[in-house]
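Please look over the sequence and the structure shown here before reading on.

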Amino acid sequence: MDKQEVKKKDVAKAYEKYSKQFTPKPTYFSNCLKAFIVGGLVCTAAYFVSNFLVGKGVKEKDAIIYVTIGIVALAQLLTGFGVFDSIARFAGAGVIVPISGFANSMVAPAIEFKKEGPVLGVGAKLFSIAGPVLVCGITSATLVGVIYWIIGLF
């Protein structure tokens with residue numbers, strides 16, 4: 001190694017040491033606890049609404065569909081009003097992992113690029129993050145379905 005490479009490595013090590021002083025340490029237990037509590041509250045609220053609808057005479061399958069649609073719509077509205085990011089910053093995986101995070105991932109890019117127009121802005125960016133997830137999910141489901149069908153032939 002020549003002197004320049006050694007000097008570059010020394011500078012990189014010094015910078016890494018310097019930057020670690022200002023990098024906040026993650027609080028794993030606190031983050032997990034917040035995600036668990038908020039995620040549990042979301043699921044409890046969804047279960048409560050589902051049971052309420054069933055009690056009012058709605059079929060259980062229909063009630064589950066209505067609750068799912070409601071969670072997606074609420075996540076989209078909260079994203080549109082700029083509130084979802086604040087909740088997600090606090091709760092982490094508690095609101096990002098369920099379907100509410102998927103709704104947020106579709107709406108957020110569309111809102112960000114709305115000034116580019118309804119087609120090239122909103123339309124083009126609507127599936128920029130969620131698109132690959134949909135492609136992988138649909139492809140995986142199709143492959144599993146074909147394998148299940150082939151196994152059923154025997």
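Predicted model: local features only at pLDDT ≥ 70, side-chain atom pairs only at ≥ 80, totals over all residues.

## Packing of α3 and α6

Helix α3 spans residues 60-80 and helix α6 spans residues 99-112. The two pack at an angle of about 35°, and their axes lie 8 Å apart. Their crossing is right-handed.

On the α3 side, the contact is formed by T68, I71, V72, A75, Q76, T79 and G80. The α6 side contributes I99, S100, A103, N104, V107, A108 and I111.

## The buried side of α4

Helix α4 covers residues 84-91, and F84, A88 and A91 in this helix are buried. These residues lie on the same side of α4 because they cover an arc of only 80° around the axis. An α-helix has 3.6 residues a turn, so residues three or four places apart point the same way.

The elements that cover the buried residues of α4 include α2 (28-55), α3, α5 (93-96) and α6. Just after α4, G92 adopts a positive phi of about 60°.

## The nonpolar core

The largest nonpolar core consists of seven residues, namely V38, A75, F84, A88, A91, V95 and A103. Helix α4 gives the most to this core, with three residues. In soluble globular proteins, nonpolar side chains tend to be buried together.

Two members of this core, A75 and A103, also take part in the contact between α3 and α6. F84, another core member, touches A75, L78, T79, V95, S100, G101 and N104, when residues up to four places away in sequence are not counted.

## N104, a buried polar residue

N104 lies in helix α6 and belongs to the contact of that helix with α3. Is N104 buried or exposed? N104 has a relative accessibility of 13%, under the 20% limit, and therefore counts as buried.

Leaving aside neighbours within four places in sequence, N104 is in contact with T79, F84, D85 and P109. Of these, T79 is one of the α3 residues in the contact with α6, and F84 is one of the buried residues of α4.

## Y18 in α1

Y18 is found in helix α1, which runs over residues 3-20. This tyrosine is partly exposed, since its relative accessible area of 48% falls between the 20% and 50% limits. Y18 and Y28 are ten residues apart in sequence, while their C-alpha atoms are 23 Å apart in space.

Definitions and conventions
Residues numbered from 1 in each chain as written. Heavy atoms only, no water. Axes fitted to C-alpha atoms, helices over the stretch in contact; angles between N-to-C directions. Helix = DSSP H or I, 4+ residues; strand = E, 2+ residues; numbered from the N terminus. Left-handed = near helix turned anticlockwise from the far one by under 90°. Contact = heavy atoms within 4.5 Å. Buried < 20%, exposed > 50% of the residue type's maximum accessible area, 1.4 Å probe, protein only. Arc of directions from axis to C-beta. Core = buried A, V, L, I, M, F, W, Y, C linked by side-chain atoms within 4.5 Å.
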